[in-house]
Amino acid sequence: MDELRRRLTDDLTDAIEGELRIDRAAIAVFSTDASLYEIEPLAVVFPRQAKDVEVLASYSADNGIPLIPRGAGSGLAGGAIGRGIIVDFSRHMNQVVSIGSDRVRVQPGIVREQLNQILREHGRYFAPDPSSSRVMTIGGMLGVDAAGSHAVRIGSTRDHVESIECVLSGGQRLELGRESLQSETIAQASLIHAAHEGAPSFESVRMETLRLSSQTPATRKADLISRIRLLLSENESLIRQYQPALLRNCSGYMLRGIQRTNYLDLARLLVGSEGTLGLFTEATLFTMPLPAHRSAALLMFNTLDQAVQAMQLLLPLDPSACDLLDRRLLSLGRGADPRFRDIILPEAEAGLIVEFPGSSEREVLQRLDDSQRLLRDRGIEFQMTRQASTFDDVELLWSLPAQVVSLLASLKGTSRPLPFVEDMAVPPDRLAEFMVSAQKIFQKHEVTATLYSHAASGQLHFRPILPVPGRGDETLIEAIARDLYRQVIQVGGTISGEHGDGLSRTAFIRTQYGPLYRAFQQLKEIFDPLRLMNPDKIISNDPQLTVKHFRRTRPNANHTESATAAPLLPVMQLGWSADEAADAAVRCNGCGTCRVVTPPERMCPFVENDGDEELTPRAKANLLRQSLCGDSHGELLTSESVTRVLNSCFNCKQCQLDCPSEVDIPHLILEARAQYVQAHGLSKTAWLLSRVHTYARMASRFSFVTNQLLKNTLFRRFFQRVLGIAAERRLPRFARTPFLASLRVQREDNNGLPGSSKPTVVYFVDYFANHHDPELAEAFVRVLEHNGYRVFIPPAQTVSGMSMLTVGDLVAARAVAEQNIRELAEPAREGYPIVCTEPSAALCLTQEYPMLLSSNDAEVVAQQTIDAGTFLMDLHRRGRLKKDFSPLTIRIAWHTPCHTKALRRGQPMLELLHLIPGITVLNIEKGCTGMAGTFGLAAENFVQSLKIGAGLIEEMKTIDAVAGVTDCSSCRMQMEQSSSIPTIHPIKLLALSYGLMPRLAERLKSKPAGLSMS
Ligand SMILES: Cc1cc2nc3c(=O)[nH]c(=O)nc-3n(C[C@H](O)[C@H](O)[C@H](O)COP(=O)(O)OP(=O)(O)OC[C@H]3O[C@@H](n4cnc5c(N)ncnc54)[C@H](O)[C@@H]3O)c2cc1C
Ligand code: SF4
Ligand code: SF4
């Protein structure tokens, strides 16, 4: 294998402009998609232009190496993985080529939602609307004939394609669309084939012996057209009989409706071919005007039965969409977005979203009224909880299914709603009948299933709730599929309506199409006689495919044995077992939401900056799962390419927040990094930066000298060479007296002894406020005292240790955690709240210490810890926060830190700022600042840190505000990096407004300058 990979590198690296990868990270990451399967590819190529794909296809034919085209890898059937070269179009070939009045020419790697953002400026859109639109690429949509809720009215991808540029096995690049049947060349080619009459026409012209690469595109095209024409005419009656006209069907090849009077519509044929006929390098798509008027409503039902009956009554009214959601999906919807809480009734068993188009608002609302009247007249019991007719309101309703389908994966427990029979479609008038049979089949196998249905087009997304493959009975998966598919075929439906056959359904295509399958095989031979284009998809002789390549999900027993097995994953470093860590990694279902870098998600800053699949949280989960469950995990984790991936994480926790399955990627990465550090040690810079607090004491003692030196360019260059701290980074000044050494902390009455008449709060200070901003600590204490609290500041507390934890130095992190827990456990048990002004500290105490120490004390401290913003907002909500604020007539620029978001308590500091009269808050949402604790301090990360924070840095340079405000000290450093205005912690503004520390007004005037922060 390695030899073959090396040969591929030698042969192809200089032959293509794009990149070829055979390293461990690429192989591991591209071995999965959003399906249940896993197959290691030989290599991964990121083509930059169609010429690269020609070279690959020619090489593939000459050397017998399969090619597997790939978009975003969000396919649910395993279509984008395989043993061969993965050709990932999403990285470079993702541009709009040209835009016409009603067409657009695109490269396959462009994401559907991004294309539509561009088209929207022209008043148009690409209509097929799958719920994964923000992730999926046009290539993937063409690959499977994707569709969505509006398929009943606008059809599927196939209905919106004019032509496709396709590279065939052998390397010929052809534009295939509506191909005339009149041309002379085709006539000649037809004659040649006619000469084979008598012999099995396609067997006789098998092309195994033909060297595909030697054909010109023109001869290949003529040859294709004539053969396809022959194939279609030979199989006309079989096609009519076995490929019925369904609103949704993407199983097998679409032979129906391809042959017209005088042309063949080859674009229609190619759509849905799952990369098995050729690789698409460009496509011309039809665009549509943005819908003029539409209305939508959400209807709630007490029984699923009533919802199905209602749907059937509504269909003759010609809705543009009618989607059905079951009880589980509705309850996920209630939790997904506060706006859904009031419109989804907790007791509802099913819901319908129904939409009507029209030429005026009056008309669409009338159609909605008519539909409700009809349902009432027929005795259907329902409640309409929301009616919408503006663009935003209608879109909000449609965001409900998009959100809940992703959230399905977040259901807790060992069983999950698995996608393997998730794509059946039936004639809409047989939907109710089929649903009854399907329920019986689930009962027979003693499983429950979730249901989401584009009912208007007969599409049913069932997901049986079962243990993930590898942890349960895999034969059950096949048995359920077999029973359901038998039934769906019996009612004239299809096993796949919009997700494709891939690995999960290919073995059943023969059952669905009977003798027509032979025609599919012949079509495959016409395009790909050597069977090198995405093998085992649609055409395969392997009856075991459905259950053959399931992902590895169980930890390999050998991994948990002993510490001598280093650098494998021997003893887990965090407080979990290998099983628990594997569970966390297995939660990633590959949905690809973490590839999305556009708001509202923040997702991974490294992906936003770089766009590489290998840096996505899904790649990271995959690597960790494979290292725990695979055979060669030690090698995997220590290989250079994987180390790059593991280093592309600074524990900001945004992925966990935005991931529908809430996969705990940050802890998985910490675990892997800790293993690495245990085996290889820390780099010098990581060691020094994570221990700044130890030499900060000395720096504070000689603060006058230290602060002068830190401003000096020459000294900073020297500092960079010796310590690795970026010479251009603006640094905060050291305070002369650290807060914890101040009189306020050291005096005797600073104790947590019970008996005080005032309620007591424990203040956890952390590094920055202690050494650089004691004024903040003082301000916070005064704000609390002003509100009637006694504040206890445990004098022997130390830094939270987040920076040590993040670099993987768990030994050091554990030592500081133990020290803090010793200081905090007692007051925590007394029931005192432990309040932090630094969001990272609150996060560390609540989420990291319990993982690090696994002790009861750590749990108690975690339960009692709260961030300062939430604490004060709670007081405000209970009417106990004093409101004697004086006006501050200033404009400030607000940034929400990642760690504040990760605390999942909203934006309390921002709400508090709004309590100050006169203040104007400009909310900057530019994602992560890229500073991430000590990450942005290191010279080796400096440029990347600035790139990640570029949006915010730019905003801070130009914004019309007196100061930037945020509660994270690290974010403040980045905000001031190139800015001419200061930054300030919001607590200081509260103290200023309360009139507790008038001198703080000066902080709004002190500017950052040179290498110093304000
Ligand atoms: C949460 C979730 C919701 C979903 N909702 C929907 C939905 O509502 N409707 C729907 O239709 N699908 C849905 N899907 C499935 C999936 O998003 C679609 O199948 C999508 O079209 C796949 O696009 P992709 O870019 O991820 O392609 P991939 O998964 O990378 O590939 C899909 C197939 O297309 C082929 N392919 C990719 N690029 C090319 C190319 N350039 N040339 C030739 N073949 C190519 C691949 O070989 C593969 O067979 C959903 C998936 C998830 C995870
Ligand atoms: S990490 Fe989460 S968002 Fe990313 S692919 Fe996995 S489940 Fe989806
Ligand atoms: S914790 Fe942050 S940096 Fe790490 S993978 Fe998640 S989003 Fe990316």
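A cavity is a set of points, on a 1 Å grid over the protein atoms alone, where a 1.4 Å probe fits but cannot get out. Grid points are joined across faces, edges and corners, and a volume is the space filled by probe spheres set on the points. A search of the whole structure finds eight cavities of 30 Å³ or more.

This is a predicted model, in which local features need pLDDT of at least 70, side-chain atom pairs count only at pLDDT 80 or more, and totals for chains, interfaces and linings use all residues. Residues are numbered from 1 along each chain as its sequence is written, chains are lettered from A and ligands numbered from 1 in the order in which they are written, and side-chain values use heavy atoms, with hydrogens and water left out.

The largest cavity holds about 110 Å³ of space. Lining residues have an atom within 4 Å of a point. For the largest cavity there are 16 of them, and Cys-588, Cys-591, Cys-594, Cys-659 and Val-663 are the closest to its centre. This lining has 10 nonpolar residues, five polar and one charged. Here Ala, Val, Leu, Ile, Met, Phe, Trp, Tyr, Cys and Pro count as nonpolar, Asp, Glu, Lys and Arg as charged, and the others, Gly among them, as polar.

The second largest cavity has a volume of about 80 Å³. Its lining has 13 residues, and Cys-604, Cys-649, Cys-652, Lys-653 and Cys-655 lie nearest the centre. Nine are nonpolar, two polar and two charged. Helix H23 (617-629) and helix H27 (665-680) each supply at least two lining residues. Helices (H or I, at least four residues) and strands (E, at least two) are DSSP runs, numbered from the N terminus.

**Ligand 1**

Ligand 1 is surrounded by 35 residues, each with a heavy atom within 4 Å of it. Pro-69, Ser-74, Ser-132, Thr-137 and Ala-147 are the closest. The shell divides into 16 nonpolar, 16 polar and three charged residues.

| Residue (backbone atom) | Ligand 1 atom | Distance |
|---|---|---|
| Ser-74 | oxygen | 2.7 Å |
| Gly-79 | oxygen | 3.3 Å |
| Glu-274 | oxygen | 3.5 Å |

The protein covers 97% of the 980 Å² of accessible area that ligand 1 has on its own. That area comes from the Shrake-Rupley method with a 1.4 Å probe. Strand S3 (67-70), helix H5 (138-144), strand S12 (279-286) and helix H15 (391-407) each give two or more residues to the shell. H5 gives the most, with five residues.

Terms used: Polar contact = N/O pair within 3.5 Å; in protein donor to acceptor, adjacent residues only side chain to side chain. 1 Å grid on protein atoms, 1.4 Å probe; cavity = no way out; pocket = protein on both sides within 12 Å on 5 of 7 lines; lining within 4 Å.
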